[in-house]
Amino acid sequence: MAETKYTEDHEAVYVDGDVAWVGITPYAQEALGDLVFVELPEVGKSLSKGDEFAVVESVKTAAEVYSPVDGEVVEANDNMPDDLELITKSLADGGWIAKIKMSDASQLDGLMDEAAYQDYLKTLD
Amino acid sequence: MSAESKIVEMMEEDHKPEHDGDRGLHYEENLLWEKEHSDSSGVDLPEPAGLKSRTGVAERGNIGLPQVSEPQALRHFVRMSTWNYSIDHGFFPLGSCTMKHNPRLNEKIARHPKFAHIHPMQPESTVQGALGLIYELQEWLAELTNLPGVCLSPAAGAHGELAGMMTIRRAHEQKGEIKKRKIVLTPDSSHGTNPATAVTCGFEVRNMPTKETGILTVEAFKEALYKTDPDGADVAGMMVTNPNTCGLFEKDIIEIANLLHKAGGYFYMDGANFNALVGKIRPGDFGVDVMHINLHKTFSTPHGGGGPGSGPICCTDELAQFMPVPTVVKIGDMYKLETIEDRPESVGRLKGYQGQFGMHVRALSYMLSHGADGLKRVSEDAVLNANYILRQLEGDYYAPYADQGPCMHEALLTDKHQKEHGVQTLDIAKALIEKGFHPMTVYFPLVLPGTMLIEPTETESKDSLDRFITVMKDIANEAETNENAADHFHSFPHSSPRRRLDEVKAARNPQLRWKPA
């Protein structure tokens, strides 16, 4: 069964074969507040791990979303700009921002699993 | 029903729109288009007869301008102006914005007919006094910053940033290094205009983390400087605000500036917070190559609707050849506005004429009326007032950097304690409105969640600070002790002309154009 992984910057990653579905965690959504804007990446854009690929904006602030892996954007969630509540759904249910075809799936090994991420959240303010 | 919710209900009843709100000489006001129109008009013009438009449109239809008489138009705008809030109403503690009193002496001088009635296209020989004033202001700014190149024309702080970064870009172009120097370093606490300006000038931005300490450390700087080149030879420069947006002085700045210069980069200082340093320390002495100054903040010229702003830049001798034209130069006894022919290496002109002359008059008036010793005292009092607020409130609110020592001209708090009771920064801001104070800057800087940045400025009395502190303590106490704190706070404000506005809806579905109902 596919597993969801997490980054320290609060990206959530759902792994579907060699494609990573990337969104933001409930913690990030809570910190941002209600979203008012999402800037999606262009399909075909090649990314290195750590590259900014999307921007999510709320009335409080704007935040970059970073790619957790090297790869290429194969799909952007075109429904999201018109339906910002999608971000609150789980990745598999439409909460993803972009799908990235990974060139090195072993990079996922450096990410946290659910339990590790929950422990990580406890260390934050 | 609790007494409180009953009051809330009564107030909601009170604030139904459509002129039922006209109570106690406080007026609701519709848009001009929504007024009931008569055929009255402020001006009667005869119908143009037999005229054919040169654009080929023979007849103009009704374009639907509202028809109101002169007193109706006057009352419309005056009524709306009563909904405004300004520093002339009361305390305005916006962090990073320096809303301080604008001395009326400045206004008197700026309105003097010999300043107010001159025209920028007059021959220079007839405006020698005005050019002399600009020259004098350039000299003052050069002295206060120890940066001898001064260009007064940028029309706002962000415009000054653009002028400064274009100047740095031109310097790299002249050295033939612009192709390899693509990166500009900024701390994550920077004003949003810093990275925006760097990108506008064709650079890439690299962030430097400051969350742990609130200031830029030598380690964080080195990591960013040498990240992709062992000598930092791909870095064009850095943009740093000092004191920074956490209200802290960057104490390692000399070492950082030295490392940057060694790598061949230039140091741009965002001078938005220069009001904490004036007369105490000169940016040219801690390695700044170019900076802007907000005359409308540090030197008390009006802004926030009263403007216009004015954002001169000051730079080193090396960079002065590249900064925008014009500056005022003195040749013998005569003053002259230079042109691009006088300084062909310049990035060129960024603003019509000489900049916001009325603001130059006000700023110099402020400097001369305070004198060198007075300006120093201004900085000291601004810092003293901010520290008074910080120490009074650090027990009630989380003050992330308070244990590092004194702050500079602004105090940083967050909603960390109140959030445990469901009360967030936005709720605290709305509660402040209810209790008669304009809120501080909220959710900025972005280094920590729920920040509140308070800049009291030197012009507030102790009495005014004490009243603000009392209300802030009351709010913290209410958040902690009210059993239903979250709901209680979410209902604020109650007494303002409008209750809590739906900011999310406004951002998601903005109505940018009025349409008939």
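Predicted model: local features only at pLDDT ≥ 70, side-chain atom pairs only at ≥ 80, totals over all residues.
1. A:Glu85 and B:Arg508 pair through their side chains in a salt bridge, N to O at 3.3 Å. That contact is the one salt bridge counted between chain A and chain B.

2. The rest of the A–B interface: ten residues of chain A contact ten residues of chain B. About 940 Å² is buried between the two chains, and carbon and sulfur atoms give 56% of that area. Two residue pairs are in polar contact across the interface, both at pLDDT 80 or more.

3. Over all chains, the salt bridge count is 26. Side chains of opposite charge can pair when their charged atoms come close. Some cases within chain B follow.

4. Helix H12 of chain B (residues 357–393) holds both B:Arg377 and B:Asp381, four residues apart, about one turn of the helix. Their side chains form a salt bridge at 3.5 Å, N to O. B:Arg377 is exposed at 51% relative accessibility. B:Asp381 is partly exposed at 23%.

5. B:Lys462 and B:Asp466 form a salt bridge, with the closest N and O atoms 2.8 Å apart. The two sit four residues apart in helix H15 (residues 462–481) of chain B, so about one helical turn separates them. B:Lys462 is exposed at 53% relative accessibility, while B:Asp466 is partly exposed at 24%.

6. B:Arg391 and B:Glu394 also form a salt bridge, closest N and O atoms 3.0 Å apart. B:Glu394 is partly exposed at 33% relative accessibility. B:Arg391 is partly exposed at 34%.

7. A network of salt bridges links B:Glu107, B:Arg111 and B:Arg362.

Methods. Residues numbered from 1 in each chain as written. Chains lettered and ligands numbered in written order. Heavy atoms only, no water. Contact = heavy atoms within 4.5 Å. Buried area = accessible area lost by both parts, 1.4 Å probe. Salt bridge = Lys/Arg side-chain N within 4 Å of Asp/Glu carboxyl O. Polar contact = N/O pair within 3.5 Å; in protein donor to acceptor, adjacent residues only side chain to side chain. Buried < 20%, exposed > 50% of the residue type's maximum accessible area, 1.4 Å probe, protein only.
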